[in-house]
Amino acid sequence: MMQTDKTLLEQMAITESDAERRKSLLSFSAADAAWLARCKPVIERKIDALVDEFYEIQARIPEIAQLINDADTSKRLREAQRNYILDLFSGTYDLDYISNRSGIGLVHKRIGVSPRFYLSANHSLKCLLAKLINEAIPDVSMRQAILAALDKLLLFDITLVFETYIRSLISEIEAEKDKSETYARTLEAKVRERTQQLEEMARRDPLTGLLNTRFLSETLEQTIKSAQRRSEPVTFVYFDIDDFKKINDIEGHQRGDEVLRLVSDAIRKISRAEDCCFRYGGDEFCIILPNCREEQASEIYARRFKEVLEQYRHDISLSIGIFQTGPDHYDEPEVVIRCADQKMYEAKKAFKLARQSSDV
């Protein structure tokens, strides 16, 4: 028996008291069991012919014929039917009997025999058995008692088979429901993950991987508010690449893009986890440094940043503007950006003057 079938039968295990209750509901008594047992010798003598005639009837039904069209299957089914009929007249209808009948429901479900075909087969068997009993037992009262007992027992069997069949269907539905719910949860997780990825992509500059300017003001405002609660400074760094247009014009835009990526890599290398790094646009970059003073930022970006950048290219120079707000007074985000931009512009102006002097 398949493991799932075994598990289902274990879940549906019937107690002795439940079995007796089921029999009493059908008025099946010990006397009925005794009448059936007395008829067993009659059935045993005709059992092979009975099974043959039963399967001749079943073979006329196309759907059933398809299930028993090979010799091995037919042999197994005939042997099972033979044992089933003899058990009907055993006189013993205990928990083992009930378990076997419940197993029949699972077998019919598994091989695809629907309830209508099972009921049809049950009716055919009942008619064959009634014919045999009527022919073999001349005593009318005995014959009537056996047939009445057989009616009750067959109905008892049907309830067991159908309960198991229905429980198997419910189990399948529950299993499919669990699969559907698991799939839905997995899909939701994937959608959530993909949404987060898309949101992150929307926040990032595709060329450099740094944050884009859409969230600059919002992030700076949140950082300043957090710093106010803790009385900490916030430093804003604004810089661009000197003579970047010349790099594009002489070396080409592809090389210019490479320089932007090199600068971005250098920014990430020296930045802390709490720092927010942005590509402001073109060759301009911004960094928000929570709990950092202007002199600390100058040390980082006037010295360390240039040292890291020189590992990639020696001919890249930067004009850097650094502005601190807090902890004594906190400026609005627009003021912070504008002041850092102004300092960067002054550094750029100084760079150009120095370049002109060297050219002279």
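Helix α5 passes helix α7 in a right-handed crossing. Welcome to this structure, which is a predicted model. The points below look at that helix pair and then at some aromatic rings.

**How α5 and α7 meet**

- Helix α5 covers residues 71-88 and helix α7 covers residues 115-136; their axes come within 13 Å and cross at roughly 60°.
- That angle makes α5 oblique to α7.
- On the α5 side, the contact is made by Q81, Y84, I85 and L88, and on the α7 side by N122, L125 and L129.
- Sorted by type, the residues of this contact are five nonpolar and two polar, with no charged ones.

**Aromatic pairs around Y93 and Y97**

- The count of aromatic pairs comes to seven.
- One of them joins Y93 and Y97, edge-to-face, with 5.1 Å from centre to centre and 85° between the planes.
- Both Y93 and Y97 are buried.
- Ring pairs also bring F28 into the picture, linking F28, Y93 and Y97 into a cluster.

- F239 counts as buried because its relative accessibility is 0%.
- F305 is buried too, with a relative accessible area of 0%.

How values were computed:
Residues numbered from 1 in each chain as written. Predicted model: local features only at pLDDT ≥ 70, side-chain atom pairs only at ≥ 80, totals over all residues. Heavy atoms only, no water. Axes fitted to C-alpha atoms, helices over the stretch in contact; angles between N-to-C directions. Helix = DSSP H or I, 4+ residues; strand = E, 2+ residues; numbered from the N terminus. Parallel < 35°, antiparallel > 145°, perpendicular 65-115°, else oblique. Left-handed = near helix turned anticlockwise from the far one by under 90°. Contact = heavy atoms within 4.5 Å. Nonpolar A, V, L, I, M, F, W, Y, C, P; charged D, E, K, R; others polar. Phe/Tyr/Trp six-rings, centres within 6.5 Å; stacked < 30°, edge-to-face > 60°. Buried < 20%, exposed > 50% of the residue type's maximum accessible area, 1.4 Å probe, protein only.
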